[in-house]
Amino acid sequence: MTTHPGRCYDICQSRTISGENNVSGRPHPAVSPGVYANMKVLVKNKFTRGGLAVLLALALLPLSGCKPAEAEIIITAMDTVMVLTAYGDAAGAALESARAEILRLEALLSATDPDSDIGRINADPTAKTPVDDSTMELLLEAVSLSEASGGAVDMTVYPLVGAYGFPSGEYILPSDTELAALLELVGCEMVVLDGEAGTVSLELDGMAIDLGAFAKGYASDRCAEIVSGLGVTSALLMLGGNVKAVGSKPEGSPWRVAVKDPLGGTGYVGVIEVSDLAVVTSGSYERYFDVETDGELRRIHHIIDPYTGRPAEGGLVSVTVVSADGLLADAYSTALFVMGLEEASEFWRVTRNFEAVFVAEDGEVYITEGLEGSYFPSDTYPEYALITTQ
Ligand code: AMP
Ligand code: MG
């Protein structure tokens, strides 16, 4: 497998600002004309927000079978359903603190709430907007993860996400001309973070931030810190498709997290055994609509390639990332989906700070070699290929 010619990884840890203003120095390719011409939205995603939330909650299924939870709470927040489970005497109070933190973060980070930090930045992008310390911390980390991924995950993709109608559910296909104009607004090197003053501004009017690829991972890390700090040593925090395991199951065996079948089956692809790790899945099945062109159906999904402005076409249907760092796992699940299998495998070889399970459009499953011994394929997907360091 070879590296994608345009994106660089570890060498992008520091900013590479080219005349084109993109992170990797790779110029935005021209939007090829006509690809979306004459398409019309045929079928809206049948999942409403509520249905979608349930679907996301099922994306990663904890396989329990252990004694009943000491405490469990279910919250609808950050556009998904979250199930938090903890054991031990401190469980109930710890989960209440975790719930409060999730709601606090949602109120700061939601792009669709005009009163949130992100909503206020987006409403007046070039002004210096004061933000909460947590928002600043997340934005700083999101920029550095974006740079590390060569721009495959980028919080400034929101104008593109909006152009397809994903935030509102009013789906539409933007024209090539519109996409070309919006691509000029994408690039997190145009996000100005003043840590001292605690303010955020964006360089261009029309730019906007979306933390959809980062916020749940960040929240899962915060919640794990909070419950651990309150004395919990065994908990499973499932924030939609972002799972964070605190310790192991109460009796000491690892948590077992199943990767949902992204190709529409009712079962799962395999199970990953984890302790003190995050397991995060991004998939094109999570949010999409279909369009018909010349009698052919085409799926327009919600993971956008920041270089083309189009839904990522890397040949994958889901990517699951395993890492101790829930924010990194969240950001990279999106980034690897954009990269596609070959580039993502090379990225893993270079960085080695996560492991991953990839499901390709043809149903093939690939796992990075660090998961050997903790990944167990299901009967539906008994075969998998190993991605090695060679
Ligand atoms: P995830 O479910 O973590 O893969 O995040 C996907 C969400 O993040 C989408 O619903 C968009 O709101 C936003 N998004 C889509 N594509 C990207 C991208 N390339 N980089 C950053 N955020 C993205
Ligand atoms: Mg993500």
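In the predicted model, an oxygen atom of ligand 1 lies 2.6 Å from an N or O atom in the side chain of serine 282, a polar contact in the sense of a pair of N or O atoms within 3.5 Å (within protein, one atom must be able to donate a hydrogen and the other to accept it, and residues adjacent in sequence count only if both atoms are side-chain atoms). An oxygen atom of ligand 1 is also found 3.1 Å from an N or O atom in the side chain of aspartate 330. Taken alone, ligand 1 exposes 490 Å², and 92% of that is buried by the protein; accessible areas come from the Shrake-Rupley method with a 1.4 Å probe, and for residues only the protein chains shown count as cover. Ligand 1 is surrounded by 17 residues, of which Asp210, Ser282, His302, Ile304 and Thr334 are the closest; a residue is counted here if one of its heavy atoms lies within 4 Å of the molecule.

Residues are numbered from 1 along each chain as its sequence is written, chains are lettered from A and ligands numbered from 1 in the order in which they are written. As the model is predicted, local features need pLDDT of at least 70 and side-chain atom pairs count only at pLDDT 80 or more, whereas totals for chains, interfaces and linings use all residues; side-chain values use heavy atoms, with hydrogens and water left out.

Aspartate 330 also takes part in the metal site. The magnesium ion (ligand 2) is coordinated by Asp330 (O), Asp330 (OD) and Thr334 (OG1) at 2.2 to 2.4 Å. Donors are N, O and S atoms within 2.8 Å of the metal (3.2 Å for Na, K and Ca), and sites may look incomplete because water is not among the atoms. Both aspartate 330 and threonine 334 belong to helix α8, where four residues, about one turn of the helix, separate them. Aspartate 330 and threonine 334 are both buried (under 20% relative accessible area; exposed is over 50%, partly exposed in between, with a 1.4 Å probe and protein chains only).

The protein chain contains nine helices and 19 strands, defined as DSSP runs numbered from the N terminus (helices H or I, at least four residues; strands E, at least two). Of its 390 residues, 57% are buried. The accessible surface of the chain comes to about 15,300 Å², with 51% belonging to carbon and sulfur atoms. Among contacts (heavy atoms within 4.5 Å) between residues at least 6 apart in sequence, 65% join residues at least 24 apart.

The largest nonpolar core has 97 residues, and those with the most contacts inside it are Leu211, Phe214, Tyr332, Leu336 and Phe358. Helix α8 (residues 326–339) gives the most to this core, with 10 residues. Such a core is a set of buried Ala, Val, Leu, Ile, Met, Phe, Trp, Tyr and Cys residues joined through side-chain atoms within 4.5 Å. Beyond its neighbours within four places in sequence, leucine 211 is in contact with Leu109, Ile118, Leu138, Leu139 and Met155.

Lysine 244, in strand β9 (residues 242–247), is buried, with a relative accessible area of 9%. Its side chain reaches the backbone oxygen of alanine 324 at 3.0 Å. Methionine 207 is placed in the loop between β7 (199–202) and α7 (215–229) and counts as buried at 1% relative accessibility. The C-alpha atoms of methionine 207 and leucine 185, 22 residues apart in sequence, are 5.2 Å apart in space. Valine 271, in strand β11 (residues 268–274), is likewise buried, at 2% relative accessibility.

Backbone geometry was examined at two loop positions. Most residues other than glycine have a negative phi. Methionine 78, in the loop between β3 (71–77) and β4 (80–86), has a positive phi near 50 degrees and is buried at 12% relative accessibility. Aspartate 294, in the loop between β13 (288–293) and β14 (296–301), has a positive phi of about 50 degrees, but this residue is exposed, with a relative accessible area of 79%.
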